[in-house]
Amino acid sequence: MPSEPVLASPAPVANSGHADTSQDALARLASVIESRKPARGGDPQASYVARLLHLGPDAFLKKIGEEATEVVMAAKDVDHGADKAKIINEMADLWFHSLIALAHYGLSPGDVIAELQRREGTSGIEEKALRKVLARESGAAREGGGL
């Protein structure tokens, strides 16, 4: 398997007198990914991101699946004594490919962060149950049925 890009953690940078945040780093990376879109001149021959975007969803979604599996395998390795850096490296690859998917679908890391913030303080069990109810109601409304 070819080596995947490994994203190094950037050092904190000045940002109006504040240390760089994770959200800033994700936004910068998302901006680079946006600039690699074929519609913006990204060259699939010169850019890995442009190549994945040019190939379409099947290509980058397959990579997301592969990277998710590699995160699981790295975690299992750490359970058996491996360096925790394996998880960080694989998670960085997963996030990177997920950011490509977000860009393709016209979304940003900020959209995901907003959803996480919306869920903050909500019980995961309650939130999941609410999503199921809303999905049922949405399905019934589409089918013309009621409660």
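User: Which residues touch the most other members of the largest nonpolar core?

Analyst: This is a predicted model. Its largest nonpolar core has 15 residues. Ile33, Val49, Leu52, Leu53, Phe60, Phe96 and Ile100 touch the most other members. Helices α2 (48–55), α3 (57–79) and α4 (85–104) each supply at least two core residues. The largest share, 7 residues, comes from α4.

User: What makes Phe60 count as buried?

Analyst: Its relative accessibility is 0%. Buried means under 20%. Phe60 therefore counts as buried.

User: Which residues does Phe60 touch, not counting those up to four places away in sequence?

Analyst: Phe60 touches Leu52, Leu53, Ile100, Ala101, His104 and Tyr105.

User: How many aromatic pairs does the structure hold?

Analyst: It holds 2 aromatic pairs.

User: Why is the pair of Tyr48 and Phe96 called stacked?

Analyst: The ring centres of Tyr48 and Phe96 are 6.4 Å apart, with 15 degrees between the planes. A pair needs centres within 6.5 Å, and planes under 30 degrees apart count as stacked. Both conditions hold, so Tyr48 and Phe96 form a stacked pair.

User: What parts does that pair tie together?

Analyst: Tyr48 lies in helix α2 and Phe96 in helix α4, so the pair ties together parts 48 residues apart in sequence.

User: Are Tyr48 and Phe96 buried or partly exposed?

Analyst: Phe96 has a relative accessible area of 6%. The limit for buried is under 20%, exposed is over 50%, and partly exposed lies in between. Phe96 is therefore buried. Tyr48, at 25%, counts as partly exposed.

User: Why is the pair of Phe60 and Tyr105 edge-to-face?

Analyst: Their ring centres are 6.2 Å apart and their planes stand at 80 degrees. Planes over 60 degrees apart count as edge-to-face. So that label applies to Phe60 and Tyr105. This pair links distant parts of the chain, 45 residues apart. Phe60 is in helix α3, and Tyr105 is in the loop between α4 and α5 (109–119).

User: What makes Tyr105 partly exposed?

Analyst: Tyr105 has 46% relative accessibility.

Note on methods: Residues numbered from 1 in each chain as written. Predicted model: local features only at pLDDT ≥ 70, side-chain atom pairs only at ≥ 80, totals over all residues. Heavy atoms only, no water. Core = buried A, V, L, I, M, F, W, Y, C linked by side-chain atoms within 4.5 Å. Buried < 20%, exposed > 50% of the residue type's maximum accessible area, 1.4 Å probe, protein only. Helix = DSSP H or I, 4+ residues; strand = E, 2+ residues; numbered from the N terminus. Contact = heavy atoms within 4.5 Å. Phe/Tyr/Trp six-rings, centres within 6.5 Å; stacked < 30°, edge-to-face > 60°.
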